[in-house]
Amino acid sequence: MKNQSDEKSDIETVEEVEPKLKYVRLTNDVQTILTKDGVSYLAAHPKFLCIGTNWGSIHLLDFEGNIVNNRQLRPHTVAVNQISIDSRGEFIATCSDDGNVFVYGLYTTEDSQEVSLGRCVKSVAIDPLYHKSGNYRRFITGDDRLMLHERTFLGRTKSVLLCDVEGVVHNMRWHNRFVAWASNIGLRVYDIISRCSLGLIKWDKRNNIIPSTYRCNLTWKDSGTLLVGWVDTVRICGVKRRLQRLKDVPEYIVEPLSMFRIDYFISGIGPLNHNQLVILCYSKEKDENEKAMRPQLYVVEAKESKYVELCTDNLSLRDFKDFGCNDYALESLVVENLFVIVSPKDIVVANPCDADDRIEWLIEHNKYAEAMEIVNSKNIVLNRNSRISVGKKFLDHLLFVEEYVKAGQLTAELFGNDKKLWQEEIFKFAQVHQLRQVSAYIPRGEVTLDPHIYEMVLYEYLKLEPEGFLKIVKQWSPSLYNVSAVTNALIEHLIVNSSSELLEALAILYTHSGKFDKALGAYLKLNHKGIFQLITKQNLYPLIHNMIEDLMQLDCEQMIKILLEKDTVPVDIAVAKLQDNRLYLYMYLDALEKKDTRMLARRNLHKDLVSLYATFARDKLLPLLKRSNNYSIALALDECKRLEYYPEMVYLLGRMGNTKDALNLVMSQLQDIEQAIEFCKDQNDVDLWHDLIGLSLDQPKFLKVLLRKIGTYVDPRILIRRIGKRTQIPGLKDALVKMMTDYNLQVSVEEGCTKIVVSDCFDLHERLYNVRRKGCGVDEQHLCSACQKCIVGQDTVGNVLIFCCQHVFHEQCIPADGLETACIICTDSRTKQTAFQ
């Protein structure tokens, strides 16, 4: 716990428990007073403190220990027993064993009083409303009786006996309408308005304990709650109105709310908040020298019959070894939540720890995370600390204990986008070579730091973590740092320590600085596929002409995709660069063929593709041979002969007109009668069918197939006549049936087609005849096809001829050479066409 004064109390906590209170020892004038005298009683008011000494002096002090206005009130001749202050702090009542009771007016002497009772007065209580005019100029004294003293309108003091006391009144407190006092046998609460006692709470009988030996400590928490501490017992009493008003019975009743014992004697008690109490304790035990031990201040939470200890503070008060339990006292200001601890030679003020105190204690005990929680909580009011100041201390602590990851996370939470804070605090990470832990949180958006900050981070990654260096180079914008400086540093580092990560980072830096040729070289050296993205993004197609084969080797699919894009790399250049690698050339031309076969034909590349297909993709060779005419059939045939590709050879021989050789190849090498039949069918050559029959005569299984299928293409009798008489053909019967059926079907189809054709001819002829018989209309809009004059008009003389072709002539415009039966225009056109042909 932290004390706040020039000379601070030494407060020792028994355990590492967060304190509830902070302490300040009063200094200044009070030290002078206590050097010569000792405190016998202290009363506290929010405005000031009033102390009575063993020599009977009365002093008014502020809360820093200074005498107020150098004013000293009238003294008693012996020690002051009790002091009471009205609610506004305008009047003070004191009593002493000298038998005198003084009422002082701090601002006026008009209502001051002085009463001499001629006996020892142990306690006094002034009316809290004494400052008001009327019937409030009164106070109560207690010795062996309880007396009420009132000032009459004539200025005299009238004393009235309120109650006889069992023994002596040791302590008395007045709050609103209730006066509580403690005597030798117990505690009473008196209703000053009803002028009646509300009952007696007797002290428990305890062995070896004399009630008068220990002061009973009384504190009103509020008008309905009284705190009582006697010996080692704590009582919380409630004063409340009865539910039913009975005759001759007090209107209010006192009920015990809680009672428990502690392990110490009680020197004072006060409320903290809610159910928490502050108890000034005096140890029952002695030290090894039989001297008193340090007094303690307990903070407990009261239950019905027990308590929970929240905090315990050992108090180092001056000369504590020489004092007893009754020499200490605790005065509390409930509203202000302030406590004054009093000993004959010392005065210490305690008040609850505020947020700043809590934060400072937590920091002192290295509980920075909890301190940050308080700082970040809502509705917190801080005077000495701030979120940034606490955060900086937490950051220093994390760096000291080498929790660098947490330190990096804290920077993001603490500094946000505050450029000044970042640039001040980031050097702490640089000193311990842990800039890597903060790199993910450095501002890189709207707010950016100075370039050298980012360069420091990059240099650390370069030296200690190449993988992280590559990651940062990829993530960070090149505008954050000097690319040239970082590139030079990387090149120098690569001379000593080379790695794939650093080479990739170098390629990226070259890209940032616009040195694309060097970037491509670095990627190629690294065999990194990121080169393709760079080429596409930056349109670096002219730079890759000499790299095509290397790029194909790196990723053939990606490179072919780039080559196929329009206007990227000319086809002729790509083909020339790939001539030394036929596999890559095949893959490129094959992809190009799929995309645009006409372009390959125009560029005469099918001849190359035929050879490449023959080597790498035979299944694609025959389709290419069939759909393309842009290759040398002879060269293709030679290639197929070399590789013994017989189906392809058959096709090529057929195209060359060597149908017999092709058929012989099918029958001899392929032994495929089905293909032979298809080949003869495609060629539509009767002689070829005869050749096929001849080649099949010594193969009964071929004859069977021919018998089944030849009937629809040639006269089956040709085959049957050429089959030897003793030839055994499996499935001959079925084959003959199939042949005859197909032949009859074909004959039937031909006859049916002939009938349809004849019928259609007659129908069309009749339709043509009817059309030609129809008349043709001629009017003034028609012109003579010979003279180009109007065909019908007033000047027209003679007949008009119109032909079925719709050409119209004047009769006199047609030459008289016997051609009037045919249109001269159409006749000339046919004549010229015949001559041309």
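Here is a walk through the aromatic rings of this predicted model. Local features need pLDDT of at least 70, side-chain atom pairs count only at pLDDT 80 or more, and totals for chains, interfaces and linings use all residues. Numbering starts from 1 along each chain as its sequence is written, and side-chain values use heavy atoms, with hydrogens and water left out.

Let's start with the pairs. Rings of Phe, Tyr and Trp (its six-membered ring) pair if their centres lie within 6.5 Å; planes under 30 degrees apart are stacked, over 60 edge-to-face, and the rest tilted. That rule gives 17 aromatic pairs. Take Phe-260 and Tyr-307: their centres are 5.1 Å apart and their planes at 35°, so this pair is tilted. The two sit 47 residues apart and link distant parts of the chain, with Phe-260 in strand S22 (residues 252-261) and Tyr-307 in strand S26 (residues 307-315). Strands here are DSSP runs (E, at least two residues), numbered from the N terminus.

How covered are these rings? Phe-260 is buried at 4% relative accessible area, while Tyr-307, at 23%, is partly exposed. Buried means under 20%, exposed over 50%, and partly exposed in between (1.4 Å probe, protein chains only).

Now compare Phe-323 and Tyr-328, an edge-to-face pair with 6.3 Å centre to centre and 85° between the planes. Phe-323 is buried at 14%, and Tyr-328 is buried at 1%. Elsewhere, ring pairs join Phe-178, Trp-220 and Tyr-252 into a cluster.

The charged end of Lys-284 sits over the ring of Phe-265, 5.4 Å from its centre, and Arg-137 lies over the face of Tyr-130, 5.8 Å from the ring centre. The cut-offs: NZ of Lys or CZ of Arg within 6 Å of the ring centre and within 35 degrees of the ring normal.

Technical notes
Helix = DSSP H or I, 4+ residues; strand = E, 2+ residues; numbered from the N terminus.
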